[in-house]
Amino acid sequence: MTMQETLRDLQQRALPEIQQTEHPEALEALRVKYLGKKGELTAVLRQMGSLSAEERPAMGQLANQVREEVEKALQSAGEILRAAAQEKKLAAEALDVTLPGNAEGLGHMHPLTLVRRRIEDIFTGLGFQIADGPEVETDYYNFEALNIPEGHPARDTQDTLYFTDSLLLRTQTSGVQVRTMEKLGHDVRIICPGRVYRSDAVDATHSPMFHQIEGLVVGKGVSMADLRGILELFAREMFGENTRIRFRPHHFPFTEPSAEVDVSCFACGGKGCRLCKGEGWIEILGAGVVHPHVLRACNIDPDVYSGYAFGLGLERVVMCRYGIDDMRLLFENDVRFLSQF
Amino acid sequence: MKCSMEWLSEFVQANTDIKNYCDRMTMTGSKVEGFEKQGEDIVRVVAGHVVAIERHPDSDHLFICQVDVGEEAPVQIVTGAQNVHQGDWVPAALDGSTLPGGVKIKKGKLRGKESCGMLCSLGELGLTVHDYPYAIEDGIFILQEPCTAGQDIREVLHLNDTVVEFEITPNRPDCLSMIGLARETAASFGTQALIPTPKVQESERPIEELLQVKVEESSLCLRYSARVVTDVKIQPSPAWLRRRLAACGVRPINNLVDITNYVMLEYGQPMHAFDYACLSGGSICVRRARADEPFVTLDSQTRKLEDSMLVIADAEHASALAGIMGGENSEIKDSTTTVVFESACFNGPAVRQTARRLGMRTESSARFEKGLCPENTMPALERACQLVEMLGAGKVCKGVIDVYPAPVVPVQIPFRPARINELLGTDIDEAFMKEALTSLGFVLENGTVTAPIWRTDIEGDADLAEEVVRMYGYDRIPSSLGNTGVHQGGLNALQLFERKLEDTALALGFDQTLTYSFVAPGEADLLCLAENDPLRRCLRIINPLSEDTSVMRTSVLPSMLRSLSHNANHRNEAARLFEIGKVYLPKEDWTVQPDEQKLLCLGFYGKGDFFAMKGVVERIFEACRMEKITFCAVKDHPSFHPGRCAKALCGDSTVALFGQVHPRVAAQFGLDTETYYAELPVEELFRLRGAEPVYTQLPKFPAVTRDLAIVCDEATEAGSVLACIRKYGGAALEKAVLFDVYRGAQLGEGKKSLAYSLSLRNPDHTLTVEEADKLTAKILRGLSFDLNATLR
């Protein structure tokens, strides 16, 4: 066989052999067999010396061609084998993806906090600040300064828990309003969320401890129309774009004029349903123009300045919003309840 | 306040249907809770004439009646009652009729005899003997009313009134009356209320012959008006009067008592009637009670009075608690022949205080405490005596005793329509304001508004604004967003920080709880606190709802344990709960407000151990950007496991206390599994929180790691080993992480091995092996020197 024939023969034998290989080790053995230092191609090349100078370039070129072909075949066969091996490995690693995940569970925010934060966010967005004050309050801040002097019948409507004659558990967060006006004077725009207490026995709709959010705005030219404006904005943000509000006359000692505020039922949109007891309206807020006595008690001249105030019971909003029918659930802290929020 | 529309129509005509009436009244400030049409649930019940009655052949107690119900032939009705006789008029419920309570009557057979309906008792018609004193409760209601056969029973018994229930706010005691509601109705519907002036005929006998009145405390008794009635005949009131009382929810008793109640409902003025024979000396003295003076009230309760309380007394004894309740000693009896009518005005706060101190609240005291108008006593008294004469209940003596030292004057306020519009944010024209105020009884003259005398609640512009706007319509108040400029709203740093704490706890898998701020007084014992523990000092509520909610908590641990226990009792396998709750720590002086401190509390059972809780605490510090926290064991806290409790310190401040709740404490709360608890003071965390971060350049040179297993005494805390490694490692020691704890025979008794992975780095160059080895050797020497620890 001529060298040329030997090279051709080498290529013809090597290529099918490589293509039929099934194991990477066998592939490596073929590489050694044909292209290794002691391989067949090397052996052929060693004979190059016996060729004439004229023959050498053509033969060298041919040898390189053969080497390239074989190398290419080795590489592509290697790739195929590696891909097959990986596929096999991945197949073996397949999981039942319907088994449960195992990250630590998230905790759940209490529904009262969820709604409180929502309300806080709405009002802070409207330029309100959040004020806080003591829960163990003096008679002065809880009653006196709010136009509820000793002997006033309104004291009966808020059965109060006392520590001493003048120290009590606040029955409303309104004391914070007075404290804030004392501190800030006649430019006030706050809401005060917090716990309040009344001597109400525990049942499905009563609790001796519950939460209020009150708001207060004082300034020059602040009116009942401004109150309506802010409450409309609030109601739409809180209960949905189409929510309407309704003012009804009422009486609170610390506001004059006073109003009870209903929002159109967010369950039925005002058509009447179980939630709104067929009324189409749900009573949510008490509100009004700050009583001149209250302003005067805070050294604010009621002939120059005016203000509005409003308040709502958080539990009521939460219960309506989530359809909770028993207030006790809010304070039992059962994880089966909490984890629903 | 229940209002009979039939009664009201005596004073005013609203000329509208009941639904519209209620809506309009609500929108003008007299809130309607609901209304009830009398007799609405009585259908097909008629007056029947018993034309024949015979015994049922197969029964010893049933009777078969033939009843004329206005149809062609009498109907047969079987009854079990024993008081029916031929010729009686009875209420007959016909086939297909309904009775109060949804009862339906159908034709049927009783022991084989057809019965085409039922004869009714008082009770079956929803009535009582107070409504019809001549009837009996236990039997058929034998009618004495004029009627014809087949006439609807509602017509016969005048069960055609509509009763509207108003919720009257405490500032409007004048509206707790027919006349007050008539005025509001008139103003709301643009009509006139006609309030007649009562007239009394009087007998010849002058009152002075019989009665003297002395008011010792005119500050507590603003006016005392009285009349005397002789030749009294106690009997039931006429039906129309009883019906009106009953419609308003007042039980008729006898003519005299009914008259006082009737006048109270009509005029809003509480009245009292004394039996003159029981007034010793024919005199009345309005005085303070003597300290500890005993007094038996109408309800037969003996009360011990105090000298702050006002009584109506005769020459010797108290006869009534002013404005609250009469005394048993001068009660109107069937034998009473002479009566003193009292129509007085007592100081509201004083009545309220007395009623509260005695634990009594009566219709009368509830009215007085709202502050009544003294001008109302005379018209009410005159009306009562007019009724006495109308009913033939007695002879009214000539003259009135009226002690009224300081007549009230009507309130006058400047009329400032601009200010009213400013407060309301409206543009209501002056003419409307004048009209609205006039319709409510205000008088406008020369720029001044004079409030009607009965309006004790009017003081200034704001009150006038309310009067105007409730007539104008609350729903017509426009909506504005004000012109008060830009405001800086938002949460302050502490509020944001608290939200961050809440969010961190939630991310760590804790559900948020809310618990009561007050607890039972024995909680300190359940926590096994020492006798002298400062947390035992807590604020006590003097009028608690129950013992369980009678003291303000000084620890949140009991609240948390109760929540966990609730979950364990409801078979929840595990619970992870947190709360930001307040504790209330009294000051030295009990009469000042306590320190209210917020604590972040976390607790769990069912899954996790001490180190799970420690990890949670560490994550919270991380969220607060707090570094350089040291932990140390707390072995003597009575509420915690002595070997599994620690506190975290930041400088000198304790920033966390946590560990396993002592099993004996957990057991007190019904928890028999390992329970873990942590509390962190919120304000303290806020104060010590880390500053906003400043970026540090990422390292340019690689770190060298070295793993060291250190053998030390069992008693040596890992924390001390770490501190020692840090101390000797210096600035080049970037990180030291414990990755294994090992105990074994080859280490020897009382020894343990702690394996740390150290990361060493120099910011300026790649650390050489020699440098790393040198530093490691230094750390090992330090460990040996300080802690007698060696390389394993």
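**View 1. Separation of the two domains of chain A in the predicted model.** Taken over C-alpha atoms, the centres of domain 1 and domain 2 of chain A lie 89 Å apart. Domain 1 of chain A covers 3-92 and domain 2 covers 111-338, with bounds from an automatic or database domain assignment. This is a predicted model, in which local features need pLDDT of at least 70 and side-chain atom pairs count only at pLDDT 80 or more, while totals for chains, interfaces and linings use all residues. Residues are numbered from 1 along each chain as its sequence is written, and chains are lettered from A and ligands numbered from 1 in the order in which they are written.

**View 2. Interface of chain A with chain B.** Contact (C-beta atoms, placed from the backbone, within 7 Å) joins 67 residues of chain A to 78 residues of chain B. On the chain A side, the residues divide into 30 nonpolar, 23 polar and 14 charged. Nonpolar here means Ala, Val, Leu, Ile, Met, Phe, Trp, Tyr, Cys and Pro; charged means Asp, Glu, Lys and Arg; the others, Gly among them, are polar.

**View 3. Domains 3 and 4 of chain B.** The assignment for chain B includes domain 3 (207-403) and domain 4 (412-476). Their centres, over C-alpha atoms, are separated by 36 Å.

View 4. B:Phe415 is buried because 21 other C-beta atoms lie within 10 Å, the cut-off being 20 or more, with 12 or fewer for exposed and partly exposed in between, for C-beta atoms placed from the backbone. Apart from neighbours within four places in sequence, B:Phe415 contacts B:Leu444, B:Gly447, B:Thr448 and B:Val449. B:Met433, 18 residues away in sequence, is 9.8 Å from B:Phe415, C-alpha to C-alpha.

Conventions:
Contact = placed C-beta atoms within 7 Å.
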